[in-house]
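Subject: Structure for you to look at

Hi,

Please have a look when you get a moment.

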Amino acid sequence: MLAKVYSAAVYGVDAFEVEIEVNGASGNSVIVVVGLPDVAVKESKDRVTTAIQNSGYRWPRGRTTINLAPADVKKEGPSFDLPIALGMIAVGAEVELLNVEEFCFVGELALTGQVRPVKGVLPVALEARRAGRRAIVVPMENAREAAMVEGIEVYGVHNLREAFEFLTGEKTLTPIREDITQFFAQHQNYEVDFSDVRGQHHVKRAIEVAVAGNHNALFIGPPGSGKSMIAKRIPTIIPPMTLEEAIESTKIHSICGLLLDPAHSFVATRPFRAPHHTISDIALIGGGATPTPGEISVAHNGVLFLDELPEFRRPTLEVLRQPLEDSRVTISRATGSLTFPADFMLIAAMNPCKCGYFGDPKRECRCSPNDVQRYRDRISGPLLDRIDIHVEVPAVQYQDISSKVPGESSAAIRERVDQARQIQRARFAKSGKTRCNSRMSAQLLKRHCALEEAAEGMMKMAMTELNFSARAYDRILKVARTIADLANSENIQADHVGEAIQYRTLDRNLWA
């Protein structure tokens with residue numbers, strides 16, 4: 001007897017349908033799994049047979065062949081346990097599964113028959129809808145995540161018996177439904193706010209400019225000056241996620257196994273990722289024998305915060321150069337190439353020197369000029385050129401810390417940021433994928449960043465006196481364009497250029 005059950009497997013950030021064929025034949029009692037299964041899939045036969053027995057069913061006692069089609073693509077993970085078990089029960093009991101072609105099944109089985117949550121359920125649900133399946137059956141813990149996909153019914157199951165009885169019509173299950181609009185309204189809140197930040201008004205201004213134009217930024221200041229505190233609040237002033245952005249981010253988080261908690265089944269707020277400085281190249285940009293997304297992809301549509309930037313391995317930092325330019329990362333292996341989205345805002349922080357107190361008026365620096373230079377040289381010039389804004393974060397004064405007056409709220413800053421971004425969206429409406437000033441090409445720079453005569457003179461003086469690179473020149477123009485947008489000015493004026501130049505601290509050699 002032959003039974004067919006449908007499932008799906010994740011490849012990159014998307015999924016593809018897998019047809020699982022279970023065939024029972026006479027012969028020695030053996031189970032053979034074919035179709036390029038990995039170790040986890042090969043081991044499924046032991047989990048599946050025990051789960052079937054403990055659920056009160058029997059499996060075929062002859063030669064059982066399980067084929068995972070298409071056979072030329074590697075299948076990974078334990079998510080095929082549930083569909084394989086359903087096919088084996090149907091063959092063992094010689095029961096024809098009615099309307100099985102309307103369903104997609106995923107789930108890992110415990111030896112007791114319990115269905116455990118798996119990674120990548122959201123892309124699987126999207127693939128099931130694309131393939132024309134009417135419904136998808138998933139572990140109950142993954143049901144809310146899958147229910148965010150409109151146009152397909154989602155059923156959550158607790159164990160194997162419940163899934164088989166539902167498939168044969170012996171048990172009725174209620175579809176899991178989620179109101180995306182209501183979910184967004186309830187979950188687009190942050191636990192932190194910029195009103196918690198005392199003082200540092202020029203730093204807040206720099207961050208407002210950075211977020212308005214989606215510019216990368218670097219904080220330079222002594223320990224305890226509030227660099228990390230400010231960085232954690234940056235997502236609160238970025239305009240709220242759209243549904244399309246939320247689905248993109250949720251797919252990546254789902255594949256990385258970050259949504260297995262039912263309370264966090266969907267990404268509704270901007271991601272904030274802060275990897276430790278000991279992170280490896282692969283963990284940062286993605287990769288592995290079978291490429292998976294790295295931290296820069298998990299931070300897609302959000303913020304990647306690199307604290308203590310000079311402490312990261314230099315080769316690890318250098319791999320960021322291409323993703324910062326292209327907003328995506330391509331991982332090439334012998335079996336093929338995968339491209340992961342990586343459109344993130346890079347926020348980095350560093351001390352001015354190794355001891356952290358170079359230039360501090362109250363603490364004596366123990367570093368020699370050569371020590372300061374060596375510390376700064378841990379960050380390459382090409383990487384610094386890709387960071388649009390360098391801002392000094394001095395130690396907070398007592399009168400600011402003790403002040404009872406709250407700082408400006410994130411909502412107020414976000415309103416101004418949103419207005420500036422609306423100007424940019426209108427400006428780049430006919431420019432393809434460009435949506436913000438930081439992504440302007442050379443052609444768009446010429447078109448939208450014309451300088452007034454006074455601004456042109458200031459830029460010429462800065463390039464001559466401070467020896468800025470050509471890339472730094474472009475960055476200054478982009479930041480000046482954002483400052484002009486925040487001021488609702490059509491033209492870039494001299495004060496806009498002057499402020500943008502002030503945000504190139506390291507290029508002005510103030511720390512060397």
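Helices (H or I, at least four residues) and strands (E, at least two) are DSSP runs, numbered from the N terminus.

This is a predicted model, where local features need pLDDT of at least 70 and side-chain atom pairs count only at pLDDT 80 or more, while totals for chains, interfaces and linings use all residues. Residues are numbered from 1 along each chain as its sequence is written, and side-chain values use heavy atoms, with hydrogens and water left out.

Helices α2 and α3

By that convention, α2 makes a right-handed crossing with α3. The axes (lines fitted to C-alpha atoms, for helices over the stretch in contact, with angles from 0 to 180 degrees between N-to-C directions) of α2 (residues 44-54) and α3 (residues 81-93) come within 10 Å and cross at roughly 55°. The two helices are therefore oblique to each other, a word for whatever is left once angles under 35 degrees count as roughly parallel, over 145 as roughly antiparallel and 65 to 115 as roughly perpendicular.

On the α2 side, S44, R47, V48, T49 and I52 are in contact (heavy atoms within 4.5 Å) with D81, I84, A85, M88 and I89 of α3. In α2, S44, R47, V48, T49, A51 and I52 are buried, meaning under 20% relative accessible area with a 1.4 Å probe, protein chains only. Their cover includes β3, α1 (39-42), α3, β6 (108-109) and α6 (160-167). After α2 comes G56, with a positive phi near 90°.

The sheet

There is an open sheet of 4 strands with mixed pairing, in the order β1-β2-β4-β3; strands pair if DSSP finds at least two bridges between them. β1 (2-11) and β3 (30-34) are the edge strands, each pairing on one side only. β3 and β4 (residues 63-69) run parallel and are joined by 5 bridges, and V32 has T65 of β4 as its bridge partner.

Helix α4

Helix α4 (residues 121-130) lies across β1 and β2 (14-25), at about 80° to β2. The axes of α4 and α10 (residues 243-255) come within 7 Å and cross at roughly 120°, which makes α4 oblique to α10. V121, L122, P123 and L126 of α4 make this contact with I247, T250, K251, S254 and I255 of α10.

Best wishes

Technical notes:
Left-handed = near helix turned anticlockwise from the far one by under 90°. Buried < 20%, exposed > 50% of the residue type's maximum accessible area, 1.4 Å probe, protein only.
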